[in-house]
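Morning, everyone. One model today, and a few minutes to walk through it. Please have a look at the screen.

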Amino acid sequence: MTVEYHHVAVLKEEVLAALEVAPSDCVVDATLGGGNHGLSLAQKLGKGGHFIGIDQDEAALVAAKRRFQEAGLLGKKDAEKNATDLSKQTSEDLEPRITFVHGNFAELDRILLEQNIPGINKILFDLGVSSFQFDEGSRGFSYREDAPLDMRMDPGKHTINAAEVINTYNTADLARILTMYGDERYASRIARKIVEKRAIAPINSTFELAEIVKNAYPAPARAKKHPAKKTFQALRIEVNQELKALEIGLDAGVRWLLPGGRVAVISYHSKEDRIVKQTFKELGQGCTCPPDLPICTCNNVEIVDVKTKHTIVPSAQEVAVNPRARSAKLRVAEKL
Ligand SMILES: C[S@@+](CC[C@H](N)C(=O)[O-])C[C@H]1O[C@@H](n2cnc3c(N)ncnc32)[C@H](O)[C@@H]1O
């Protein structure tokens, strides 16, 4: 079954306000998805402006291109070409210049080097998965639909999938990822049950895994949220190496920013937010030498001005309309 691309952009007005896009900016959307944020950012651009949309999921790029085309930002010819060659396309004859790149933002250095640009002015990371990826049950992100345990955002890449993690990691490693990426209280119980079950037969489907997790939970704890929620989140983060990609991509994104350029990051769970907070803190820290030291020996130079002393979170109205926005946190920094 094909699913219509559906994803409501989170904190959209706040992102637009924070990034202050100027018509001639070079704007990177590192997590283009269906292009909801991306289109709003691109619509702020004029002659001399350049929008670069990146996503590791080809289905997202197809949806984003359709959205841009419908909005008149991508010519019909470009959209047809894009539908057949998804690797890299540029609509150079249009103003502003629009470029779509199929890739992982962990490879931002290579992606931006290939654009032959001196630097960028704005960059957005809207982390995690889209509603579409959840809703497309066949990809194995959701415990609500039975499907092979895959969970790769870029299924064309020969990287480990969720079934391989579940059937090969030892008990300690399984428990570690469930704790680290899912904050799962019953990580060890679940890990032991997985290893027990797979000794009988490999665990290959979302429903099989969800059932194992449910049975590993103590009965009184089963009533609240679905017991498999945290396990599925942890697995997805492991399969897609999301935290590693964030560390590398954020570091590169800030490096590519021109003076006065801005980075905005929307995160959805504590581990992601901690990386963003820590990175901004380190980059925003100037000299840390004791004040009585005559010369600086730490060599710390302030790279960014952190614009969000506290995170920006969605309003109650936004969460009421879009419950998936509930855990979102926005942080913004400006390159000095
Ligand atoms: C929350 S959605 C973005 C939605 C988008 N802002 C919109 O308005 O439609 C996250 C998207 O980022 C992509 N993504 C996640 N990690 C990525 C990475 N390391 N590199 C490239 N794309 C990534 C996912 O495939 C997904 O399409």
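How many residues does the largest nonpolar core have, and which of them have the most contacts inside it? This is a predicted model, so keep that in mind. The core has 61 residues. Ala30, Ile54, Leu124, Ala264 and Leu330 have the most contacts inside it. Helix 3, residues 58–70, gives the most to this core: six residues.

Take Ala30. Leaving out residues up to four places away in sequence, Ala30 touches Ile54, Phe105, Leu108, Ile123, Leu124, Phe125, Gly249 and Gly253.

There is also a second, separate core, with 32 residues. Met153, Leu174, Ile190 and Ala216 are among them. In soluble globular proteins, nonpolar side chains tend to be buried together.

Now helix 11, residues 228–239. Twelve residues at 1.5 Å a residue should span 16 Å, and the end C-alpha atoms are 16 Å apart, so the two agree. Eleven of the twelve are buried, so helix 11 is largely enclosed by the rest of the structure. The buried set includes Lys230, Arg236 and Glu238, along with Phe232, Leu235 and Ile237. What do these buried residues pack against? Helix 7, helix 8, helix 9, helix 10 and helix 12. After helix 11 comes Gln241, with a positive phi, near 45 degrees.

Last, the ligand. There are 22 residues around the ligand, and Thr31, Gly33, Asn36, Asp57 and Asp126 come nearest. The shell divides into eight nonpolar, eleven polar and three charged residues. Helix 2, residues 36–42, and strand 2, residues 50–55, each supply at least two residues of that shell.

Note on methods
Residues are numbered from 1 along each chain as its sequence is written. This is a predicted model: local features need pLDDT of at least 70, side-chain atom pairs count only at pLDDT 80 or more; totals for chains, interfaces and linings use all residues. Helices (H or I, at least four residues) and strands (E, at least two) are DSSP runs, numbered from the N terminus. The expected span of a helix is 1.5 Å times one less than its number of residues. A residue is buried if 20 or more other C-beta atoms lie within 10 Å of its own, exposed if 12 or fewer, and partly exposed in between; C-beta atoms are placed from the backbone. Two residues are in contact if their C-beta atoms, placed from the backbone, lie within 7 Å. A residue is near a molecule or strand if its C-beta atom, placed from the backbone, lies within 6 Å of it. Ala, Val, Leu, Ile, Met, Phe, Trp, Tyr, Cys and Pro count as nonpolar, Asp, Glu, Lys and Arg as charged, and the others, Gly among them, as polar. A nonpolar core is a set of buried Ala, Val, Leu, Ile, Met, Phe, Trp, Tyr and Cys residues joined through C-beta atoms within 7 Å.
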